[in-house]
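Hello,

Here is the structure for your files. My notes follow below it.

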Amino acid sequence: MTVSDLMRTSVITLEENDEIGDADLKMHLAAIRHIVVVDERRRLVGMLSNRDLARAFGRGPRRRDPVGDLMTRAVWSVRP
């Protein structure tokens with residue numbers, strides 16, 4: 001079995017400058033807990049989790065802050 005046997009190719013993404021509030025809404029509507037963050041060339045630059053959002057919202061209203069301020073940048077990827 002390979003990664004391509006298990007992976008999904010239809011992925012919801014964000015960009016670093018997208019607002020945290022938009023990320024929260026996308027994740028809620030899609031019923032997902034993690035979302036991929038890409039650059040303008042659609043290359044992986046980070047990952048945002050529902051725990052990242054919970055920590056941010058716990059510190060006060062930050063819905064307009066950019067995703068890039070909150071996401072995890074050290075992300076591993078593999079080939080299909």
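Accessible areas come from the Shrake-Rupley method with a 1.4 Å probe; for residues, only the protein chains shown count as cover. On that basis the protein chain exposes about 6100 Å², and carbon and sulfur atoms supply 50% of it.

This is a predicted model, so local features need pLDDT of at least 70 and side-chain atom pairs count only at pLDDT 80 or more, while totals for chains, interfaces and linings use all residues. Residues are numbered from 1 along each chain as its sequence is written, and side-chain values use heavy atoms, with hydrogens and water left out.

Fold: the protein chain has 3 helices and 3 strands. These are DSSP runs, numbered from the N terminus: helices are H or I with at least four residues, strands E with at least two. The pattern along the sequence is α-β-α-β-β-α. The C-alpha trace spans about 45 × 25 × 20 Å along its principal axes.

Among contacts (heavy atoms within 4.5 Å) with a separation of 6 or more, 53% join residues 24 or more positions apart.

Core: the largest nonpolar core has 12 residues, including Leu 14, Ile 35 and Val 67. Such a core is a set of buried Ala, Val, Leu, Ile, Met, Phe, Trp, Tyr and Cys residues joined through side-chain atoms within 4.5 Å. α2 (20-30), β2 (34-38) and α3 (50-58) each give two or more residues to this core. α2 gives the most, with 3. Leaving out residues up to four places away in sequence, Leu 14 touches Ala 23, Val 37 and Leu 48, among others.

Regards

Methods:
Buried means under 20% relative accessible area, exposed over 50%, partly exposed in between (1.4 Å probe, protein chains only).
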